[in-house]
Amino acid sequence: SSSAASDVYKRQVSNSRYTWFGPSYHRYGTTELAVLQATRLSEHREGLLVDPGAFDNLAGSAWVERMAHLSKLAGHNHKVITLDRPLGVEGVGAGAQEAQKAVIMTGAIKAEGMPVRIAQFEAPVLPNSEVPALWGNRSLRRNRAILDMVNNLLYLCGPGEIQFTPPPGTQVLALETSPSGHLLLPFSCLLYTSDAADEEDS
């Protein structure tokens, strides 16, 4: 029932439409479907695309169907939730779309030095969509996630203060949260300051 939906889907705003950032398919001379299919691990292995650029979790119906089949083979069920109100989504897949349901999908994960454990992924579902399962910003923040891009590791930090000791020469850049909930690195604001130094390539 809709009352079972978590607070993350009970939007307290009048305009229930959010922007998810996705790749520019035509820029790379390929089709949207080909790009989305390339996000899969392999034919019979599904995963969560760790996407701090996405506003929150999201999944397409094709991923839900494939993952539900694999989960059922392992003896697990998934749950479908009707959202309190439709959730408009822009910026991923084929233009503006609308999710009316969410899914709670069962999978399994393994942290280093720990046994395999059953986990659940909850996300609004885009109908007739090949969009992969996006593990988005809000959920990553709730799980106190730190993404190590050098070693391809995702840390889900326990309670307490997080201590991080970067090596000498590390640059620390402060990010800002946009009205859409995305993290942005200010890029134009300091162009005209007198202390602007040599350019850096990203």
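# Working notes on a predicted model

Colleague: Where is Asn-152 placed?
Modeller: Asn-152 sits in the loop between S8 and S9. Helices (H or I, at least four residues) and strands (E, at least two) are DSSP runs, numbered from the N terminus.

Colleague: What am I looking at, and how are residues numbered?
Modeller: This is a predicted model, with residues numbered from 1 along each chain as its sequence is written. Local features need pLDDT of at least 70 and side-chain atom pairs count only at pLDDT 80 or more, while totals for chains, interfaces and linings use all residues, and side-chain values use heavy atoms, with hydrogens and water left out.

Colleague: Back to Asn-152, then: buried or exposed?
Modeller: Asn-152 is exposed, at a relative accessible area of 71%. Buried means under 20%, exposed over 50%, partly exposed in between (1.4 Å probe, protein chains only).

Colleague: What is its phi, for Asn-152?
Modeller: Near 55° for Asn-152, a positive value in a residue other than glycine. Most residues other than glycine have a negative phi.

Colleague: And what about phi of Asn-128?
Modeller: Phi of Asn-128 is near 50°, again positive in a residue other than glycine. Asn-128 belongs to the loop between S6 and S7, and with a relative accessible area of 78% this residue is exposed.

Colleague: Overall fold next. How many helices and strands?
Modeller: The protein has 3 helices and 11 strands. Along the sequence the pattern reads β-α-β-β-α-β-β-β-β-α-β-β-β-β.

Colleague: How much of the protein is buried?
Modeller: Of the 202 residues, 30% are buried. Leu-83, in strand S4 (residues 79–90), is buried with a relative accessible area of 7%.

Colleague: How far is Leu-83 from Gln-100?
Modeller: The C-alpha atoms of Leu-83 and Gln-100 are 5.6 Å apart in space, and the two residues are 17 apart in sequence.

Colleague: Salt bridges. How many in the whole structure?
Modeller: The search finds 2 salt bridges, each being a side-chain nitrogen of Lys or Arg within 4 Å of a carboxyl oxygen of Asp or Glu. Arg-66 pairs with Glu-46, with the closest N and O atoms 2.7 Å apart. Because Arg-66 lies in helix H2 and Glu-46 in the loop between helix H1 (32–37) and strand S2 (49–50), this pair ties together parts that are 20 residues apart in sequence. Glu-46 is buried, at 15% relative accessible area.

Colleague: What else does Arg-66 meet in a salt bridge?
Modeller: Arg-66 also meets Glu-130, at 3.7 Å from N to O. Glu-130 lies in the loop between S6 and strand S7 (134–135) and Arg-66 in helix H2, so parts 64 residues apart in sequence are tied together. Glu-130 is partly exposed, at 30% relative accessible area. Salt bridges thus link Glu-46, Arg-66 and Glu-130 in a network.

Colleague: Pockets now. How much space lies in the largest pocket?
Modeller: About 1400 Å³. A pocket is an open set of points on a 1 Å grid over the protein atoms alone, where a 1.4 Å probe fits, with protein on both sides within 12 Å along at least five of seven lines; lining residues have an atom within 4 Å of a point. The volume is the space filled by probe spheres set on the points, which are joined across faces, edges and corners.

Colleague: Which residues are closest to the centre of the largest pocket?
Modeller: Leu-48, Ile-109, Trp-135, Leu-154 and Leu-156, out of 40 residues that line the largest pocket. Elements giving two or more residues to this lining include helix H2 (61–73), strand S5 (97–109) and strand S9 (153–156). S5 gives the largest share, 6 residues.

Colleague: How does the lining of the largest pocket divide?
Modeller: Into 22 nonpolar, 10 polar and 8 charged residues. Ala, Val, Leu, Ile, Met, Phe, Trp, Tyr, Cys and Pro count as nonpolar, Asp, Glu, Lys and Arg as charged, and the others, Gly among them, as polar.

Colleague: And how much space lies in the second largest pocket?
Modeller: About 1200 Å³ lies in the second largest pocket. Of its 24 lining residues, those closest to the centre are Ile-146, Leu-147, Asp-148, Met-149 and Leu-175. H3, strand S8 (145–148) and S9 each give two or more residues to this lining, and the largest share, 4 residues, comes from S8. The lining holds 17 nonpolar, 5 polar and 2 charged residues.
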